[in-house]
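Colleague: I'm new to this one. Could you show it to me and let me ask how you reach your labels?

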Amino acid sequence: MMDVIDERPRATVLDLGGFRFPAEPQVAALSVLDHLWKKREERRPILIVIDEAHNVCSPDPATPVQRALTERVTQIAAEGRKFGLWLLLSTQRPSKLPVNVLSQCDNLVLMKMASPRDLAELAAVFGYVPPALLDHAMHFTKGQALVAGGFIAAPSVVKMGARLTHEGGADVAVPL
């Protein structure tokens, strides 16, 4: 996987699902992040997207691998931009991310959020977002999002357009 990443194709997906033991996806993620960090001086821009980021970096890591992984994500979040290492973290529970990681996020895209606790934490971390806009997230409909940060002039509620591509995935059917 390191050879593929070093080639810098337009996109590379590392699927961390399907491992037999819980530590295996963490070791794989740590290997990739360590590899990218070791080559940071090459300054080859890359966007690192971590879906379900709360599974990769925890505010309370319990094992040595979890601690190392959380430290590396925190380091990349804090220092990676100057080397061209950008993070895009996706999670449904921002309160399950370390504050040191969340506070490094310059931009926010927030979809419907039902947890008052998570909204309160986001208000504390993203002080540039008016609390009333954050509170509005509890009532968003499908496709609505709050966007804020350096990539937009002012915090705004937006509506996503319809899909342009074919839906490839689906929920697992549950037998009755």
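Modeller: Let's begin with the contacts of Val-101: leaving aside residues up to four places away in sequence, Val-101 touches Val-73, Thr-74, Ala-77 and Leu-89. Bear in mind that this is a predicted model.

Colleague: What makes those count as contacts?

Modeller: Contact means heavy atoms within 4.5 Å. Val-101 itself is found in helix H4, residues 99–102.

Colleague: Why is Val-101 called buried?

Modeller: Its relative accessible area is 0%, and buried means under 20%, so Val-101 counts as buried.

Colleague: How far apart are Val-101 and Ala-78 in space, C-alpha to C-alpha?

Modeller: They are 7.4 Å apart, although 23 residues separate them in sequence.

Colleague: Why does Thr-70 count as buried?

Modeller: Thr-70 has 9% relative accessibility. The cut-off for buried is under 20%, so Thr-70 gets that label. It lies in helix H3, residues 64–79, and among the residues it touches are Val-56, Cys-57 and Pro-98.

Colleague: What does the side chain of Thr-70 reach at 3.1 Å?

Modeller: The backbone nitrogen of Ser-58. A polar contact needs N or O atoms within 3.5 Å, and the distance here is 3.1 Å.

Notes. Residues are numbered from 1 along each chain as its sequence is written. This is a predicted model: local features need pLDDT of at least 70, side-chain atom pairs count only at pLDDT 80 or more; totals for chains, interfaces and linings use all residues. Side-chain values use heavy atoms; hydrogens and water are left out. Helices (H or I, at least four residues) and strands (E, at least two) are DSSP runs, numbered from the N terminus. Buried means under 20% relative accessible area, exposed over 50%, partly exposed in between (1.4 Å probe, protein chains only). A polar contact is a pair of N or O atoms within 3.5 Å; within protein, one must be able to donate a hydrogen and the other to accept it, and residues adjacent in sequence count only if both atoms are side-chain atoms.
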